[in-house]
Amino acid sequence: MNVVIIGAQWGDEGKGKIVDYLAKDAKYVVRYSGGPNAGHTIVVDGKQFALHQVPSGILYSDKKVFLGAGMVIDPEALFEELKMIKDNGVDWEGRVFISDRAHLILPRYRQMDKDRDASRKRPIGTTGRGIGIAYSEKAHRDGLRLADLDWTEKLADLEKEDLDYLDKYKEQLLQMRVDLTQKMWEFRKENILFEGAQGAMLDIDSGTYPYVSSGASCAAGAATGCGIGPHNLDHILGVFKAYETRVGNGPMPTEFNATSEGELCQYVRDTGREYGVTTGRARRCGYLDLVALRYACRVNSLDSLVLTHLDIYDAMDQIEACVGYEINGKIVTDFPANIDQLNSAKPILQKFSGWKTSLKECRSYKKMPKNARAYVEFIEAFTGTPVSIISVGYDRDETFIRKNPWKK
Ligand code: GDP
């Protein structure tokens, strides 16, 4: 049995926490896309870990974790992260493996990334970590894979500065190398957790292109990014927040208006701690966008949803969520591809009564206040997708399951 976890919005939905929560029943945790820009925050017993490349399952000492071929890996950042993990008392040696088909980020890609974004008429707002360059080198067929560190002709093509850099990490990287496609076949009867990065709306194909990440953050990315056939993905989970956030540029139809909704925005941002783990940037915040969420459910065949950050609404009298867009005087309920349309979309909001009580201690759906259940059930009906897990706080324990995704 395997479970795929993706972000169902624009990233930062709390995937790290949910991967960590579900990892206890997995034998292997595999990350399949993105690079060191993804920042998962996991809080275990009050201790906070910010993970960027290493799959969240690492915090369980009995799990093996894998970095898939769909990822682009920054060796320097990876070893710094592994050091941080070790300094915090987690032994990782012998438990972290990298697909021999994964691509590597070279240091010069970082500046190339920044220069390219700065020269754009409409900057994407990249994190400048060389990720987009590594993916474009891959698409150009000029990239460097882990397996290529043993390919004499390829190495001869590289510049001295690249070779000097790679020399520092080569031995350790090759010790972690595996043929992940073979492992996927070998592990097929065991519990594997696939960890997505970013979110469905940032996927290179189904996201708000060009304001997207360069990798496959959709559910199908688990298949291509690890070398497992799509028929073999058993349960696909989409994690979403009770509201919307986005980092960087690009359309966000339900973004709070800075003037008229400034107070609400600041409240959600501060209560939800909506500041980037990697960059510290304040995230853009908005109403839950059910049009976008339903789109994410459909294009990713989500079997169920995980609702996080419901506790952020605990003190509110009233909650609103977007059920349609008004674009050029027309009501639209399907998520458009056109950026002009998305930028001019006015959200049509549906109101819900608040529950005015803390959900932090809540550990079962039955015990949840009626108004909170009404909000959840509306989301399920609108998206046609059941909510199987609810998160009511940042700690691992502040979570409850309605239907276990590990059980068929
Ligand atoms: P990811 O990239 O999807 O893993 O998301 P991030 O790690 O960037 O953001 C998730 C943040 O929200 C982390 O600080 C989590 O500890 C926190 N978090 C996750 N679920 C909840 C929740 O239900 N309530 C609250 N208040 N915080 C949560």
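These legends go with several close-up views of a predicted model.

Some ground rules before the close-ups. Residue numbers start at 1 along each chain as its sequence is written, and side-chain values use heavy atoms, with hydrogens and water left out. As this is a predicted model, local features need pLDDT of at least 70 and side-chain atom pairs count only at pLDDT 80 or more, while totals for chains, interfaces and linings use all residues.

View 1. Domain 1 puts 43 residues into the contact and domain 2 puts in 46 residues, where contact means heavy atoms within 4.5 Å.

View 2. Helix α3 covers residues 108-119, twelve in number. Helices here are DSSP runs of H or I with at least four residues, strands are runs of E with at least two, and both are numbered from the N terminus. From first C-alpha to last, α3 reaches 17 Å, close to the expected 16 Å; that expectation is 1.5 Å times one less than the number of residues. Which residues of α3 are buried? They are Y109, D113 and D117, with buried meaning under 20% relative accessible area, exposed over 50%, and partly exposed in between (1.4 Å probe, protein chains only). Seen down the axis, the buried residues of α3 fall within an arc of 70 degrees, so they line one face of the helix; the arc is taken over directions from the helix axis to the C-beta atoms. The buried residues of α3 pack against β8 (103-104) and α4 (131-139), whereas the face turned away from them carries exposed A118 and S119.

**View 3. A salt-bridge network around E274 and R283.** D12, K241, E274 and R283 are linked in a network of salt bridges, each one being a side-chain nitrogen of Lys or Arg within 4 Å of a carboxyl oxygen of Asp or Glu. The structure holds 26 salt bridges. In the D12 to R283 pair, the closest N and O atoms are 3.2 Å apart. D12 lies in the loop between β1 (2-7) and α1 (15-23) and R283 in the loop between α9 and β13, so this pair ties together parts that are 271 residues apart in sequence. K241 and E274 pair up at 2.9 Å, N to O, linking strand β11 (residues 235-241) to the loop between α9 and β13, 33 residues apart. R283 and E274 meet at 2.8 Å, N to O.

Buried or partly exposed? D12 is partly exposed at 24% relative accessible area. R283 is buried at 7%, while K241 is buried at 0% and E274 is buried at 0% too.

**View 4. A282 and the annotated binding site.** UniProt, in an unreviewed entry, places a "binding site" at V277, T278, T279, G280, R281, A282 and R283; positions follow the numbering used here, feature names are shortened, and annotations may be inferred rather than shown by experiment. A282 lies in the loop between α9 (262-271) and β13 (284-286). At 42% relative accessibility, A282 counts as partly exposed. Leaving aside neighbours within four places in sequence, A282 is in contact with R269, E274 and Y275.
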